[in-house]
Amino acid sequence: MTSLIVFGAVLGSGLFGCGSPEGPRTDGPRTATHAPSRSPAATPSATPSAPAGALASMPAGRKPPTMAPGPAGLTPVFKRGPRGKTGGARSHDKVVALTFDADMTADQGPRAASGERFDNPELIALLRRLKVPSTVFMTGRWAQEYPAQARSIGTDPLFEIANHSYRHYAFTSPCYGLPVVEEADMRDDVRRAFAAFRKAGARNVVPYFRFPGGCYDEAALRTLASEKVTAVQWDVVSGDAFAKDADAVAEQVLAGVTPGSLVVMHCTRSAAPVTDEAVKRVVPELRARGYRFVKVSELMRD
């Protein structure tokens with residue numbers, strides 16, 4: 001397993017910063033970057049321990065893997081799976097995880113009430129038709145706005161729901177103009193999201209957390225350590241946020257994927273309107289190249 005533990009401000013990209021072509025960066029205001037680690041402290045744990053909000057929802061005998069804490073007990077960070085091989089007898093190593101951020105900030109209720117759609121049921125239906133296992137990183141506010149969809153996604157074995165915070169506020173600053181969660185409120189924000197998933201009736205909830213905007217620092221990793229979650233980043237940025245050209249999004253994904261890749265996309269119709277069209281091209285082309293689609297929990301287990 002190849003893992004990445006980074007200390008310092010790591011800036012991802014896309015919706016509110018989860019998706020610039022450059023991908024995750026390490027040039028934030030509090031920078032102390034470490035190289036990828038293969039130490040035992042960064043390997044998946046065989047007996048994961050996480051808050052009841054995450055693991056208690058999983059069916060018995062199917063607890064998802066997590067990573068052991070990083071140095072000084074900090075929250076571990078997972079970026080991609082093992083690289084494997086690109087062909088021949090080891091073609092089964094050609095796995096890729098598509099992840100979709102279901103973003104909605106705490107203050108966007110009035111916009112939803114006026115008709116703006118932060119969901120994308122057509123995308124979820126497409127993933128079902130194509131039989132693509134996927135991980136949806138959902139905000140608690142999204143689950144509250146669309147409880148029936150959260151329950152449908154979270155009870156379908158094709159999917160798993162991971163935590164993308166409750167409010168979709170930044171856990172460090174600057175982060176693409178997002179409001180910032182106070183350090184004292186970070187743990188509660190994560191717990192509120194898990195509670196929203198439970199209230200909606202979602203069962204397939206995994207103890208993974210994606211920082212809004214992909215932005216975090218050592219203080220955030222230290223603060224969330226008690227929540228026993230594994231932070232999940234990515235190595236392929238789709239560029240679907242606010243994109244209007246589905247082919248350009250598809251090309252960016254297809255050019256970036258290698259065995260073990262973890263792709264970040266979005267499940268938010270108003271701000272990522274061409275994602276489903278891009279997926280229609282990405283999935284068959286990657287399958288033609290010999291790739292198999294897996295959820296993050298499967299990628300982390302490999």
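How many residues of strand β6 (residues 159-163) are buried? In this predicted model, β6 is mostly covered, with five of its five residues buried. Display the side chains of the strand: F159, I161 and N163 point one way, whereas E160 and A162 point the other way. Residues on both sides of β6 are buried.

Five bridges pair β5 with β6 in the parallel sense. To locate one of these contacts, select F137, whose bridge partner in β6 is A162.

Now select strand β7 (residues 205-209). Two bridges join β7 to β6, and these strands likewise run parallel. Here V205 of β7 stands opposite I161. Trace the chain from β6 through helix α6 (residues 186-200) to β7; the path is a right-handed β-α-β crossover.

Finally, select the cysteines C175 and C215. Which residues does the disulfide join? The bond links C175 to C215, with an S to S distance of 2.2 Å, and a search of the whole structure finds one disulfide. The link of C175 and C215 is right-handed, with 80° about the S-S bond. C175 lies in the loop between β6 and α6, while C215 lies in the loop between β7 and α7 (218-223); the pair, 40 residues apart, thus links distant parts of the chain.

Is C175 buried or exposed? Its relative accessible area is 3%, so C175 is buried. C215 is also buried, at 0%.

Technical notes: Residues are numbered from 1 along each chain as its sequence is written. This is a predicted model: local features need pLDDT of at least 70, side-chain atom pairs count only at pLDDT 80 or more; totals for chains, interfaces and linings use all residues. Side-chain values use heavy atoms; hydrogens and water are left out. Buried means under 20% relative accessible area, exposed over 50%, partly exposed in between (1.4 Å probe, protein chains only). Helices (H or I, at least four residues) and strands (E, at least two) are DSSP runs, numbered from the N terminus. Two strands pair if DSSP finds at least two bridges between them. A crossover is right-handed if, with the strands pointing away from the viewer, the path from the first strand over the helix to the second runs clockwise. A disulfide is a pair of cysteine sulfur atoms within 2.5 Å.
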